[in-house]
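Student: I would like to learn how to read the local features of a model. Could we work through one together?

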Amino acid sequence: MEFKRRNGGPVMGGASQPKRGRTGGDWEDSPSLFEEELCMFEEAEMEAEDREGQAGHDVIPVGDLFSADLNPRWRRPHAPSLDSDSDTLVFQQIDLDYYLGSAVAGMPGQLQGKVPIIRMFGVTDSGNSVCCHVHGFAPYFYVPAPNGFTSDHLGEFKRELNSVVLKDMRSNKDNISVTVLAVDITRKESMYGYHGRRNLDFLRITMAMPRLIAPAKRLLEQGFKFGPFPIQNYQSYEANIDFEIRFMVDTDVVGCCWIELPKGKYRVREERSVSLCQYEVDVGWTDLISHPAEGEWQRIAPLRVLSFDIECAGRKGIFPEADKDPVIQIASMVQRQGETEPFIRTVFTLQSCASIVGSQILCFTQEKQLLQSWAEFVRTVDPDIITGYNIQNFDFPYLLNRAAALKVTLFPYLGRVQGIKSVLRDMNFQSKQMGRRENKTINIEGRVQFDLLQVLLRDYKLRSYTLNAVSFHFLQEQKEDVQHSIITDLQNGNEQTRRRLAVYCLKDAYLPLRLLQKLMCVINYMEMARVTGVPLTYLLSRGQQIKVVSQLLRQAMKQDLVMPVVKTETGEDYTGATVIEPEKGYYSVPIATLDFSSLYPSIMMAHNLCYTTLLQKGSVEKLGLSPEDFIKTPTGDQFVKSSLRKGLLPEILENLLSARKRAKAELKKETDPFKKQVLDGRQLALKISANSVYGFTGAQVGKLPCLEISQSVTGFGRQMIERTKQLVESKYTIANGYQADAKVIYGDTDSVMVKLGVATVREAMDLGKEAAEWVSSHFVHPIKLEFEKVYYPYLLINKKRYAGLYFSSSADTHDKMDCKGIETVRRDNCPLVANLINTCLQSILIDRDPQGAVAHAKEVISDLLCNRIDISQLVITKELTRTAQEYAGKQAHVELAERTPSTCWRTTFPSTHSTTWSSSCPNRSRQRASCSVSLHTTHTHTHTHTLNEHQDCT
DNA sequence: AGGACCACCTAG
DNA sequence: TGAGCTAGGTGGTCCT
């Protein structure tokens, strides 16, 4: 039930070689490691290019920037001409949107007025870009047909609805004359609640464009009258589905899948092409073939990934403002997905700049020209994915604003569709999970914006999210050493100082690429898009729910089930999981841990919990069900058994979990490292997806909350953990011939920690496995209790706070020291505390020397009191102190410090909710706070030390 | 002193 | 108009 990688966690993809750090800080004398690296790129390429007779250019005078001779690599590979009569077009779709346009002759759909057209962007196996316009798909939704409705009434219904929708429009600037395209009768069943498997007549209402769905739905809900029928309120179904998702679900297209346009079924645009893509085609929506991501269709096209970074010359102490401060450098790196090195490394500079081996420098005397040329560079390189660090909220907005300030009119056309301007918008994204977050967004049609900062904020819990910290954490590598404050000075210096800045800027463009690769972001996100069926861009711009909705709709469609639109209202929270009261203390005996694997998904599968199986009040009587047809959950809710109807959610979960098993099996067999990465990304996506189904049903402000499901799930969970405790403690007893009476000393949600009374890890493992198997036999398939690990020794401080040496792979050596909930894993303490506690825990658990722990803590405190340490927030839990003392046999009559507020400055960033600690004041202009240290020692006196903003923190 | 409440962050 | 869930520890503030 863990969705976010804690503290970065172990980084997947094998260990990386830590780079040796740069020793001297003397920049001009010795080139940095990064420069050596750039140099190596150059050497490798020189060899290759010598054969082709292309000389490398270090510094290029601005002029023929875009001529093929000078920059042969900028353009995509040549695209052979395409003949739709004889060629099949196959491409991997990476972005999908829609627009309103005029009908194209020969394509299906409405002919007059503006029609919605789906647009897919993608790349072929040979690296050519594709823009595919898909015609004839229109948005629709459902309402139940009123009693007595027949096909004779369709015309009247349609006319009347059309008329009220038209009347409802405040302005009609698109001059829409027809809003309702069609109304059909179709047999469907609501997915909410079991009502005896009877399909009813539903009206499928097709609208002319997506934005007409909401008013039509509203008008029907508020009360709609037509023909002889009385005024009536219509409950609507599937009226809140994004148009893109609607299309993808109906055509079996998933995010990042391969699309095939059979020969003869599509048209190549010769004139009238609107995109910058190499191929631009039109196709009818029923003519495209979507390939499931299996076998050969798991591959990934050679996508172009552009990473960039900008530098601005800010004024002293003022954050750069786009209307005043110039953009002085833009570094860009372009890499093909799947390759290890960027094949374009370039930096656009304002004013001259000395050459950097391995990268191309383009110097400009006019900032306007720099910006304009960079935009042209982007259009020429035609990247599929644009990355960088905080590009979404800084670099892109700054560039757009700066270009506007300088009136570089051709700058903001960065997308793949000609004539569409990239504009900046403020978005207010908010979720319980991530809090309120102000975000800026810009539209870049056809290119996926993959801001690495946003990825890290979503997927990793880190202490700090600066590029420097993140690079160090994942790559053991850091940024080039340039202080922000000296950027302007470097720019105003000479070509050597600007060169130093350029190296810095290049590295900041390079690091995101390295991180993307190391963390396998592109692969993992693509796999998530494929597994859940949503476009790649949704994964970064939307929440968790849309992924479940997409899967739910796909499953529902097969059974003619439709999803109601529910009004969201928050009610009472429901009861969650049980946390077994811990028997706090230090255990110098092995503690076995048994876990239910995928507890909540397996509960939903085992008991067939779903919207479609829920028996609402009175249903049992109404449907005349007998007791063996349904179950009653611990919360008193009723669901029919799978013999009557198999639930959609259990089906989805089974598919996800069996697909995960397959992926893991394939992963084991696979030898190709690249395919391995894909498979690992897939199994991870499948696991996360399975776990988020439960959360979806409990999301009260959501697309389809169903607390009967979520509270039944947790209810079963509570019952199960209680039962598990009883079972274990009843069987593993001296009376039954075991060495000791087993005792469950702790448990949380889906796990129990058992003191089995055996002396060795080996015995605990063996007995643990046996116990897990035996307990499993008492539960319904596929619920399974598994032996996970042995803790030895184990320090149980409180609920959700413990530490122990973790034995799993071997009984002889521990895998790690596992700490849960303790200061060492929390980000709201300064590092000193985390380090101190960590050292103490190591002392206690590994060295088995609690006095050592106490001594160490004392020493640190004493250092603090004597100002020998510049940072100091000390928080040692009372429990840890007590436990350490207990273990030490009360011999150590030292009370550790209880709590000491800080002399270091804590900064919490509201945007990211992250906290950083520093010994210097982060913002001198703003703080009024004073900080104090107060320590209690056994010698009774209290030291209080207060610092305020006028004192130096060190 | 003790409790109600909040913010923050974690466990699962 | 879009947002997965609950349990619970710890430390802080404010009130009585």
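Student: At which residues does UniProt place the feature "domain: DNA polymerase zeta catalytic subunit N-terminal"?

Tutor: The unreviewed UniProt entry puts that domain at residues 97-135. UniProt positions are given here in the numbering used for this chain, feature names are shortened, and annotations may be inferred rather than shown by experiment. This is a predicted model: local features need pLDDT of at least 70 and side-chain atom pairs count only at pLDDT 80 or more, while totals for chains, interfaces and linings use all residues. Residues are numbered from 1 along each chain as its sequence is written, chains are lettered from A and ligands numbered from 1 in the order in which they are written, and side-chain values use heavy atoms, with hydrogens and water left out.

Student: How much of residues 97-135 is helix and how much is strand?

Tutor: Helices (H or I, at least four residues) and strands (E, at least two) are DSSP runs, numbered from the N terminus. Residues 97-135 are 0% helix and 59% strand, and the end C-alpha atoms lie 12 Å apart.

Student: What is the strand order in the open sheet of four strands?

Tutor: Two strands pair if DSSP finds at least two bridges between them. The order is S5-S7-S6-S20, and the pairing is mixed. Strand S5 (140-144) and strand S20 (561-562) are the edges, each pairing on one side only. S5 runs antiparallel to strand S7 (residues 200-207), and five bridges join them. Tyr-142 stands opposite Arg-204 in S7.

Student: Which peptide bond ending at Pro-782 is cis, and where does Pro-782 lie?

Tutor: The bond is the one from His-781 to Pro-782, with omega near 0°. Pro-782 is in the loop between helix H19 (761-776) and strand S29 (785-798). Another cis bond joins Tyr-792 and Pro-793, with omega about -5°. Pro-793 lies in strand S29.

Student: Where is Asp-382 found, and why does Asp-382 count as buried or exposed?

Tutor: Asp-382 is in the loop between helix H5 (367-381) and strand S16 (385-388). Phi of Asp-382 is also positive, near 55°. Asp-382 counts as buried because its relative accessible area is 3%.

Notes
Buried < 20%, exposed > 50% of the residue type's maximum accessible area, 1.4 Å probe, protein only.
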